[in-house]
Amino acid sequence: MAYVADNSFMGMTSPMQGHRSRFQMTRYFGAVNMYTALIDYRKYFFIKPVSLAFRAYHYGRYGFDKGADLISPLYLGYPWLIRGYENISFIGNNYSVEEGSFNISHLSGSRIAVGNIELRVPLTGPERIAPIKSKYFLTDINLFFDAGLAWNSDSDISLDWTPETFDERIPVYSAGISARLNLMGVIVFEPYLAVPFQNGGFDNISFGFNLIPGW
């Protein structure tokens, strides 16, 4: 069961003005016996010639057993949620599994929450909204800040910048710049550079890309 609203105006690669939202509850029966809840709210402000975009997102599994032994945990580190956390491993770097250090388990859980802010600046496209006129290359430059938290129902949650124990769950943050390119109206390609503050910061700047329109 879901309630969906959308009065947004689409730009060249992502919404520019208005809002979009989805509030959803799902019931699972059988070997996995649980509820899931989704809250996804997005707000856009067009301040010519730029747009300011906000997103608040939560997805969680609730109920008596949550199917923890049968289904994979939710993962926070996908680049369409939080950019910059792809380069995490248990061995081979300084950001692995030492006691009290940040590690990949901090990105997994039965519940996740995400917050995003973007400043979207048109670069090439129609003359009335982009400084560089083009009929075929539609691009935006974006400054972003991403934040998120993954946890389980019994997790020890802290707002510290770094975890004090291996099992402590903390929010993670990243900031950076990206470019969204609308390729002939078929697909939106987003390369980005992100600083993952809990995964090495400026010493571990991450390059990646998304293949979806801006949220």
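Let's start with Val121, which sits in strand E8 (strands, E, are DSSP runs of at least two residues, numbered from the N terminus). This is a predicted model, where local features need pLDDT of at least 70, side-chain atom pairs count only at pLDDT 80 or more, and totals for chains, interfaces and linings use all residues. Residues are numbered from 1 along each chain as its sequence is written, and side-chain values use heavy atoms, leaving out hydrogens and water.

Is Val121 buried or exposed? It falls in between: Val121 is partly exposed, at 32% relative accessible area (buried is under 20%, exposed over 50%, partly exposed in between, with a 1.4 Å probe and protein chains only). Val121 belongs to a nonpolar surface patch along with Leu119, Leu143, Ile177, Leu193, Phe202, Ile205 and Phe207, and together they have about 760 Å² of accessible area. Patch members have over 30% relative accessible area and no salt bridge, and nonpolar side chains (Val, Leu, Ile, Met, Phe, Trp, Tyr) are joined within 5 Å.

In soluble globular proteins, nonpolar side chains tend to be buried together. Here the largest nonpolar core has 16 residues, and Tyr85 and Phe102 are among those with the most contacts inside it. Strands E5 (50-62) and E8 (111-125) each give two or more residues to this core. A core like this is a set of buried Ala, Val, Leu, Ile, Met, Phe, Trp, Tyr and Cys residues joined through side-chain atoms within 4.5 Å.

## Salt bridges around Arg83

How many salt bridges does the structure hold? There are 9, each one a side-chain nitrogen of Lys or Arg within 4 Å of a carboxyl oxygen of Asp or Glu. Arg83 pairs with Asp146 at 3.0 Å, N to O. This links distant parts of the chain, 63 residues apart: Arg83 is in the loop between strands E6 (74-75) and E7 (108-109), while Asp146 is in strand E10 (residues 137-151). Both ends are buried, with Arg83 at 3% relative accessible area and Asp146 at 0%.

Arg83 also forms a salt bridge with Glu190, with the closest N and O atoms 2.9 Å apart. Glu190 is in strand E12, 107 residues away from Arg83, and is buried too, at 2%. Arg83, Asp146 and Glu190 are part of a salt-bridge network that includes Glu118, Arg120 and Arg180.

## Strands E12 and E13

Strand E12 (residues 187-196) runs antiparallel to E13, joined by 5 bridges. Glu190 turns up again here, with Asn210 of E13 as its bridge partner.

Technical notes
Helices (H or I, at least four residues) and strands (E, at least two) are DSSP runs, numbered from the N terminus. Patches are made of residues with over 30% relative accessible area and no salt bridge: like charges are joined within 9 Å, nonpolar side chains (Val, Leu, Ile, Met, Phe, Trp, Tyr) within 5 Å. Accessible areas come from the Shrake-Rupley method with a 1.4 Å probe; for residues, only the protein chains shown count as cover. Two strands pair if DSSP finds at least two bridges between them.
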